[in-house]
Amino acid sequence: MRPIRLPEPPSPTSRGTPDIFESGIHSVIRRAVVIGNGFPSCENQSIGLVRALGLSDQHVLYRVTRPKGGINNWLRWLPVSVHKKINYLLNLIHGYSQLLTKSQEKNLMPPPSENGVGLSAILEADVKHIVNLARETYEKEGPLLVVASGRDTISVASSIKRLASDNVFVVQIQHPRSHLHRFDMVITPKHDYYPLTPEAQIQVPWFIRKWITPREPPDSRVVLTTGALHQIDFAALRNAAITWRDDFEHVPRPLLVVNIGGPTRNCRYGGDLAKQLARSLLSVLVSCGSVRISFSRRTPQKLSNIIVKELGNNPKVYIWDGKEPNPHMGHLAWADAFVVTADSVSMISEACSTGKPVYVMGAERCRWKFTEFHKLLREKGVVRPFTGSEDMKESWSYPPLNDTADAAKRVRETLASRGWKLKTT
């Protein structure tokens, strides 16, 4: 962290008073810590909130990492701390076995990597380190904002709150399922409370209902959103429009952008949906100037092959090959309409922040709380189902989803009630 340079005391003729003299250095938050889990969809939410709070240049990313490879892929359901202890014991047993056979050097595997970077290069989310950082720098730099997202980050974030409650403000994004008092604020979509609805209660056998969470309505520390937080706002779209002008300025209009994710546990689909999507896109091509298609990291090869086979040779269609630069921001800024598969709350939320038409493919394949998410969007008039009968020259609009800005406003209000505030720029 760079040191804070205290301003000179105000002169008798000055009209304004610097922040620290108004409320004291110990009440102004100037920096943030983001605790991630390695999944872009989760880390993007935390970074989006930090950005909306004006601290995008004053944050450090820490990451909760799990052992990978082999049996570790079957242990992801365990708490991170338990998983690491089991992995440590397995490594001890494995190392002892190798020593007995005198083949340790030949069989040692290189440390696992993430995104091509060895784990030793990743800034590990160590509770003790972050707590010491918050305590030791509090006198000079004020409180520390901690923003975490994802199941694996819950224990780390709650421990920081417990050990340094006077020095930190901890925000947990996505419902931690229990013990909300362990955080200063919880930001979560409304559909996380689907288990409390009559429809959900019918689906759950009575003898396991007490294990389904959350079990209580949201309290005052919970901020409810419609979708996922992200980094897309008017300023980001404006900058992307400028950056990608040369690539999209002369693209035939209307431009339809198609974002394809992949099947999940609660949104199951396969090649049949890919074929249905391809047929529907062929049907609307007559009213499109051009179509640009992107796959996510979760898109199975079988599904992408179907799309490429059916649409790859059409002169109106461009399919991104996955190579950098990623045109995602350009697509959001320059598209006239979107088609998004129903599995990705993040992709749908970003598209709905533009105010442009968003069509969803495969919502009927989703179940549990994701049915509630899609139902809420339809009721708000934010999305429509994609059928293939649409005329893309006919546009429609709605008030853009503004979840990230709304959540940031609630953070500021809660800080103010505590006597704290964010650094003004």
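## Disulfide

In this predicted model, the count comes to 1 disulfide, a disulfide being a pair of cysteine sulfur atoms within 2.5 Å. The bond joins Cys267 and Cys366, whose sulfur atoms lie 1.8 Å apart. Because the torsion about the S-S bond is about 100°, the disulfide of Cys267 and Cys366 is right-handed. Cys267 belongs to the loop between β10 (255-260) and α11, while Cys366 belongs to the loop between β14 (358-361) and α15 (369-379), so the pair ties together parts that are 99 residues apart in sequence. Helices (H or I, at least four residues) and strands (E, at least two) are DSSP runs, numbered from the N terminus.

Cys267 counts as buried, with a relative accessibility of 1%, and Cys366 is buried at 8%. Here buried means under 20% relative accessible area, exposed over 50%, and partly exposed in between (1.4 Å probe, protein chains only). Two further cysteines are also described: Cys42 is buried with a relative accessible area of 8%, and Cys352 is buried at 0%.

## Nonpolar cores

A nonpolar core is a set of buried Ala, Val, Leu, Ile, Met, Phe, Trp, Tyr and Cys residues joined through side-chain atoms within 4.5 Å. The largest one has 62 residues, and Leu256, Ile293, Ile307 and Phe386 have the most contacts inside it. Helix α11 (residues 271-284) supplies the largest share of this core, 6 residues. A second, separate core of 26 residues includes Val64, Ala148, Val156 and Ala157. In soluble globular proteins, nonpolar side chains tend to be buried together.

Neighbours within four places in sequence aside, Ile293 is in contact with residues that include Val258, Ile260, Leu281, Ile307 and Trp320. Contact means heavy atoms within 4.5 Å.

## Packing of α2 and α16

Helix α2 (residues 40-52) packs against helix α16 (residues 403-417) at an angle of about 65°, with the axes 9 Å apart. Axes are lines fitted to C-alpha atoms, for helices over the stretch in contact, and angles run from 0 to 180 degrees between N-to-C directions.

From α2, the contact is made by Gly48, Leu49 and Ala52; from α16, by Thr404, Ala407, Ala408, Val411 and Arg412.

## Basis of the values

Residues are numbered from 1 along each chain as its sequence is written, and side-chain values use heavy atoms, with hydrogens and water left out. In this predicted model, local features need pLDDT of at least 70 and side-chain atom pairs count only at pLDDT 80 or more, whereas totals for chains, interfaces and linings use all residues.
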